[in-house]
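Work through the following exercises with the sequence and the 3D structure at hand, and compare each step with the solution below the task.

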Amino acid sequence: MPPKKSKTIQPLKLDSNVNFNSVGGLEEHIKCLREMVLFPLMYPDLFKRFNTRPPKGVLFHGPPGTGKTLLARALAQESSLVRGKKVAFFMRKGADIMSKWYGESEKHLKMLFQQANKMRPSIIFFDEVDALAPARVEGQGEACASVVATLLVEMDGLWDRGDVIVIGATNRPDCLDPALRRSGRFDRELYFPPPSVLARRDILAIYTRHWMPRPTDEMLDRVAQTTSGYVGSDLKALCSEAVLRALRRMYPQVYDGDYHCISNIDTRKVEITVEDLLAAKRSLLPTGARCNTIVSRHLAPQYEPLMRAQVNAAASLLKQAFPHVNASQEEDVSPSVFLISGNCAETHLAPALLAQMEHCSFQELSMSTLHSTQVLSQERAIISIFSECRRADRRSVIFIPNVAAVWEALAYTPGQSLLLQLWRTRAAGDNVLLLATCNVEHSELPEELQELFPMYQDCVYRVRDPTATEVLEFLKHITAETSPLPATNEKTDQTTNFGMHKEKHGN
Ligand code: ADP
């Protein structure tokens, strides 16, 4: 069946309630967009006088749920307030534009740009732009390459006046055709990281600002501190869940299906406590955990007695190797390496250290990234990790969980030598940390890895067995509500063998 005749392309209706105040923790991005998008709209003469060209495109990249679409919508709304003139906002999902009919996608793209040009000032927002313009490779269908080419031509054809802006959003910037990331297309790139503790605090404040009574600062701080790895959409869901929990706690009868009771409840009496928020948090799986993004997570309270001392010891050792663990560290440092060996290195120690570096951008080189369906070859995956670090506007961490397994997976490809060569030639730039874990002894690692993480440079932390006191504290914590434990015998405070590790701590 031939495709239907396409209708005229209409901009989206903007929600006047969504503006920059609805976006939490992204002040730097907002400042940057004001300069890049709003100033050219407000002061076109300034750019003309100095013969400078405002950017045509901005690429938003980062994990899902971090506010890329929200910020694009807020930007469109804020721009419409600038000169009293409505800004037309067009939004397309990359995959939706791709039509099975040859030439249809290109036609749609052309019409979209024409309409945006006609209705300028306008913003075109391409969500999942990597689906629309994936990296072109030999042997891939011509149709895909033709859509990418059309997009490039259309972006090049935009006037240099800054009144048509193209925003692309993607979770995988490495999968995007590199030509799109050149100057004159997506001139600027903004990384949307999983929110830091301060950003989470801001987002929680946004979603609770109309609550009566409003949660106290202490409540918000506590929830923000325990939600490492939760992105904006998770925090919004957490707030909604907390409301339901409070309702359930105060009026359990609403679940009995007795509608008479339901009509009698006084919703003004529903008060949300910090326990409701924390219980809501526990019932939600953060997006990061579902999407296989890097796990950065503070120690769970039940593991505090068992692991806290080790996390602190590893963190202070790491600080010497990579001073950027402190967000305040300004000076550049040369690339650093750090290895955590032993049980619990991957599951507890590394996530807890990563959670202390929320101000850095993370790249993961793991078995799953090497074998992901989005990866064309292992070498390309490694190259793209290094180039993403170089492009990042902040300190970066390349995280390799189970480095021995990754090394083995690269054994029959040029991957091993490529990885070493890229690292040695500082292909990821300065201010980068290569953080790895392994569940074998340092001495059991292949020689090349032992050289990469040299023992003598204090860049290896070996997880030791927990002491008897640590184990007893841990057990006390988890059995507190069931049965009382016998009194602690101080003499038992030696290294025990609770299946964690056989030898003594090597640092
Ligand atoms: P993305 O486009 O990055 O996948 P969205 O912008 O669609 O994510 O976010 C989904 C929802 O999560 C938003 O509509 C918003 O309600 C909430 N959200 C995400 N990030 C933020 C943030 N930084 N501030 C406030 N709300 C946010």
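**Exercise 1.** Determine how the residues of the shell around the ligand divide into nonpolar, polar and charged.

Solution. Take Ala, Val, Leu, Ile, Met, Phe, Trp, Tyr, Cys and Pro as nonpolar, Asp, Glu, Lys and Arg as charged, and the others, Gly among them, as polar. The shell then divides into six nonpolar, eight polar and two charged residues. In total 16 residues surround the ligand, the closest being Gly65, Lys68, Thr69, Leu70 and Tyr207, where a residue is near if one of its heavy atoms lies within 4 Å of the molecule. The model is a predicted one, in which local features need pLDDT of at least 70 and side-chain atom pairs count only at pLDDT 80 or more, while totals for chains, interfaces and linings use all residues. Residues are numbered from 1 along each chain as its sequence is written, and side-chain values use heavy atoms, with hydrogens and water left out.

**Exercise 2.** List polar contacts of the ligand (pairs of N or O atoms within 3.5 Å) with Gly67, Thr69 and Ser233.

Solution. Begin with the side chain of Thr69, which places an N or O atom 2.5 Å from an oxygen atom of the ligand. Continue with the backbone: a polar atom of Gly67 is 3.2 Å from a ligand oxygen, and a backbone N or O atom of Ser233 is 3.4 Å from an oxygen atom of the ligand.

**Exercise 3.** Which domains give residues to the shell, and where does the ligand lie as a result?

Solution. Domain 1 (20–191) and domain 2 (197–291), with bounds from an automatic or database domain assignment, both contribute to the shell, so the ligand lies between them.

Methods: A polar contact is a pair of N or O atoms within 3.5 Å; within protein, one must be able to donate a hydrogen and the other to accept it, and residues adjacent in sequence count only if both atoms are side-chain atoms.
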